[in-house]
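Keep the 3D view open while reading.

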Amino acid sequence: MAQKKRYGFVIDISRCIDCRACMVACSVENKVPNNHTRIWVHDLGVKGEYPNLSRTFVPYNCMHCENPPCTQVCVSGATYKDPTNGLVLVDQEACIGCGYCVEACPYNARYLDEKRGVVDKCNGCIQRVYVGLKPACVATCLGGARMFGDLNDPTSEVSVALSKAGTIHVIDYEKGRVDTEPNIYYVNVPVLTRIDTVNDNTRQPINLPRDPHYTIAEEGWKKVLVPFIGAALGGTFLVQAVYFTKQLIEGEKEFDE
Amino acid sequence: MSHEVTRRDFLKMGAAAAGALALGQFIPPRVAKAARQLDVVDANGDGYIPTMCEMCVWRCGVLAKVVNGRVVKLEGNPEHPHSLGRLCARGQSGLMNTYDPDRVLTPLVRVGKRGEGKFREATWDEALDIVSKNMLSIKQQYGPEAMVFSSTHNISQVQFENLLSGFGSPNYGTQRSLCFNAMIVANLMTYGMEEPNRDYSQVKYIILTGRNLVEAISTSETSALMDAIGRGVKMVYLDPRFTKTASKAAEWYPIRPGTDLAFHLALINVIIAEERYNKDFITKYTTGFDELKTAVQTYTPEWAAPITGINAEVIRRIAREFSDAGQYALAHNGWRTSNFINSFPAERAITILNALVGNWGVTMFPAAGEASGGLGTPPQPPYPRVSALRLDGVPWKYPFVPLKLGIFQQMREAIIEGKPYQAHGWFISRQNPVLSLPDRQRTLDAMGKLDFIVTIDIIMNDTSWFSDVVLPEASYLERFDPLLPVGNRVFVRQPVIEAQGEARSALWIYKELGKRLGLGDFFQYKDEEDYLAQQLAPLGKSVEEVRTKGYIDLPEGKQDNLFTWSTPSGKIEISSSTLKAGKFDPVPVWQEPLQPKDGAFYLLTGKVGQHTQMGTQNNLLLHKYQDEPRLWMNPEAAAKLGLKDWDLVEAASQVGVLRVALKVTSAIRPDCVYLTPGFGHLSKGLRTAYGVGASDSVLHETYVDPISGGQALSQTFVTVKKV
């Protein structure tokens, strides 16, 4: 029998241009109501002193975690992690719309569709994947930032991208919360970029779900579980991770000022 | 268990398809039937139909997913060189243009005062009778030239031009003078072509001058640029704003507005002084190098530094790096550089910079353009002779502006002034001059001078709002347009769903109107498909083939010599013989741009990746994911004025005042402010877009570049205060 699939996303941060084609494509493909979204591009903002500026965009959606808190709080069993492909899915016929899972998700990647009375979120466009298509967001990504595939298959685009990557980042849980082991991996994250608490007060023209409150923790690198490249990267990876952590701490100081 | 659930999930997704069976009898007959016959959809009418996008002028190939007679998703067509399987946000949102709840789906005739927005519905017969009666009456009383025509770049424009030429009017306005006249005319002078193609596959060094390619998106070109950056190609980006393109650049320089010319003259100076140019290429393929050499002698980096605000050593280094990359270097020669009156010589300098490194045939190629591709056209009689002067002064006052570009803003001025004669009617297709022309109040004044205004559009845009008759066009997903050659293929735009309401294709509208104007002979096609068949006839291809695949391959053409140019000399003209004959500077020389007085700001214009010009703001999906359009200001400048983020401010120029929310950001020079165009709609018929943001057209002052006819969109200065 073939090895079980573990679908996940790899996102090359250096190539996201915040064009939002992914967001529109997702809304159309999945008939997302106009006051909700399943997918975000978080703008870390213009950083630095004029004219030495930088700006980084962090696309995200449901992390399809290995250890998803949402499934654990689901009272109806509608939210589950599909053992055949690793995607975290919602059976909307079984969903009673209690919204516990929306609260439980540390990434704010779920919303309650008030009209239908069910919870909705990224399903990895499984309806497309079944028929051999890429998820809508990945298929149309102009910068080539978004990749999707089977992390258990070493020849998949995502696995190859991870094996080539210098450092790999994940957006981590908040301190004090459970480690969710997310399945969106970020590569080519600029050294000085902090993927941190998202709490800018940018007013949106529409009511997107509440601001996500995820953090990348100082120990975030520890959570990256990429066994087939772990050995290869070995020491380098650790050194870079320590360096990154240092940057984060320095960044934190800067941020506090 | 979970497998079962997944299956259930899947079944639910198929619920819509199941509904299709039940509703089968309601599937609109023509489009679905044709698609079934072509085998692009199944028995239920579900499947993918190839067509072409119209959310901007890049015109990507689209595969439209159709379920139950509705289009439910658009995919980029991998077979089209402009999409290569991808669509941008606007392309992805295209079906919401078609399903916009504010669509105009029946002809409308004004019943209230102009601008009151009171219309009544009319039949096509009645509406076309009203339009033709008014047009003929104007023609009879004042001559055909008293009717002005304007339309923005689209595939059916050839039949629009046919209508106005058959009618006998010389007055043709396009959006081009508001956009890229400076680039086009500069390219024509240097290369003898409108816009050479850029190729990023071998590029090693890129200079982008005000070309915000990451936000002003041309899908395949934007992707190619990101691929190049991913390969490690160095990109130098000049812009007074730190745009998203700037965030991807190796080096960003917030150049002083209006001084791109000085920067490029200095690059040329270094490359010539240090003999870093491609001598072989210059000798073989160019003319006028010596004149250039003399002209740029004083334009040293030290000269340019205080003008541009960029360090002399940086300019010198960039010149060296650029010439080191040689023919693998590319200075992007588009689109508007700084939007100043001196944009034309700036564009010329960029074309010359490319010539100096001899990148022709490596990173720059001849444009395929919109050549005929060997397609046929319906037969037609010769056009009536036109003796009247054009209102926009082309060519009698502006000899170098191509007729098909024109000077739109000058045409508006002539309508107001009634010189050289008074215009009386305006025929507008798929265009929104109320928001696109500078100085909005003056555009409304011009409309007030006219007896009759008719607009063709799919929604009640701001210009339709002030029109007497509005004719509803079918959206790009509902109609045929003429076939379009792109590269070595010819692509089709075809209906993927039945046109809603009474909406009709432009091909149909022009033909029916032509008949009533006594111009039936100019429209010798039975219907849209017949038009396509006549186009395909010389190629021996069938309409079915192009409709099934979305394109046909053109026969291998004779390869033109890569190294000939349609200039008077047949070479790349560093010194332009045409300009010399017209007594203009034949090589670019420095022209100091206007500067704001103390306390005033440059008002910059630009683009965002989620909208196209003035036409997409009512699209609910783009509205959903757009940023609130605010006036950008540097924190230093805001502090001086005591302004905070989100303050409501008043911005005033010589010609207008507007109110808008402030965005305080270090992503802009302290002496500039920026406003995204396309917001601040006047039409209450746009219920999504109405009331959002403000229109920079209120503030823009009107300019005409004497050589290219271009409007200088960033040459307006504003003061800002708290409301």
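## Chain B in outline

Chain B has 26 helices and 27 strands. This is a predicted model. Along the principal axes, the C-alpha atoms of chain B fill a box of roughly 75 × 65 × 60 Å.

How does the radius of gyration of chain B fit a compact globule? A compact globule of 723 residues would have a value near 27 Å, and chain B has 26 Å, so the two agree.

## Domains of chain B

Now take domain 1 and domain 3 of chain B. The contact between them uses 27 residues from domain 1 and 26 residues from domain 3. On the domain 1 side, α17 (408-417), α18 (433-436), α19 (440-448) and α20 (462-465) of chain B each give at least two residues. By class, that side of domain 1 holds 14 nonpolar, nine polar and four charged residues.

## Where chain A meets chain B

How many residues of each chain take part in the contact between chain A and chain B? Chain A brings 36 residues and chain B brings 45. Two elements of chain A, α1 (21-29) and β3 (52-61), each supply at least two residues of the side that touches chain B. The largest share of that side, seven residues, comes from α1(A). The side of chain A that touches chain B has 19 nonpolar, eight polar and nine charged residues.

Two packed helices are described by the angle between their axes and the distance between the axes.

Start with α7 (residues 157-167) and α21 (residues 506-516) of chain B. Their axes come within 10 Å and cross at roughly 15°. Angles under 35 degrees count as roughly parallel, so α7(B) is roughly parallel to α21(B). The crossing of α7(B) and α21(B) is left-handed. From α7(B) come B:Q159, B:F160, B:L163 and B:G166. They meet B:A506, B:L507, B:Y510, B:L513 and B:G514 of α21(B). This contact of α7(B) with α21(B) has six nonpolar and three polar residues, with no charged residues.

Next, look at α11(B) and α15 (residues 312-325) of chain B. These helices pack at an angle of about 65°, with axes 9 Å apart. Is the crossing of α11(B) and α15(B) left-handed or right-handed? α11(B) passes α15(B) in a right-handed crossing. On α11(B), the contact residues are B:F263, B:A266, B:L267, B:V270 and B:I271. On α15(B), they are B:I315, B:R316, B:I318, B:A319, B:R320, B:F322 and B:S323. The contact of α11(B) with α15(B) has nine nonpolar, one polar and two charged residues.

## Backbone points to find

Most residues other than glycine have a negative phi, and most peptide bonds are trans.

B:V394 and B:P395 are joined by a cis peptide bond, with omega about -5°. B:P395 sits in the loop between β14 (364-365) and α17 of chain B. Another cis peptide bond joins B:K419 and B:P420, with omega about 0°. B:P420 is in the loop between α17 and β15 (425-429) of chain B.

B:E275 is not a glycine, yet its phi is positive, about 50°. Where does B:E275 lie? B:E275 is in the loop between α11 (260-273) and α12 (279-285) of chain B.

Notes:
Residues numbered from 1 in each chain as written. Chains lettered and ligands numbered in written order. Predicted model: local features only at pLDDT ≥ 70, side-chain atom pairs only at ≥ 80, totals over all residues. Contact = placed C-beta atoms within 7 Å. Helix = DSSP H or I, 4+ residues; strand = E, 2+ residues; numbered from the N terminus. Nonpolar A, V, L, I, M, F, W, Y, C, P; charged D, E, K, R; others polar. Axes fitted to C-alpha atoms, helices over the stretch in contact; angles between N-to-C directions. Parallel < 35°, antiparallel > 145°, perpendicular 65-115°, else oblique. Left-handed = near helix turned anticlockwise from the far one by under 90°. Rg over C-alpha atoms; globule rule 2.2 N^0.38 Å.
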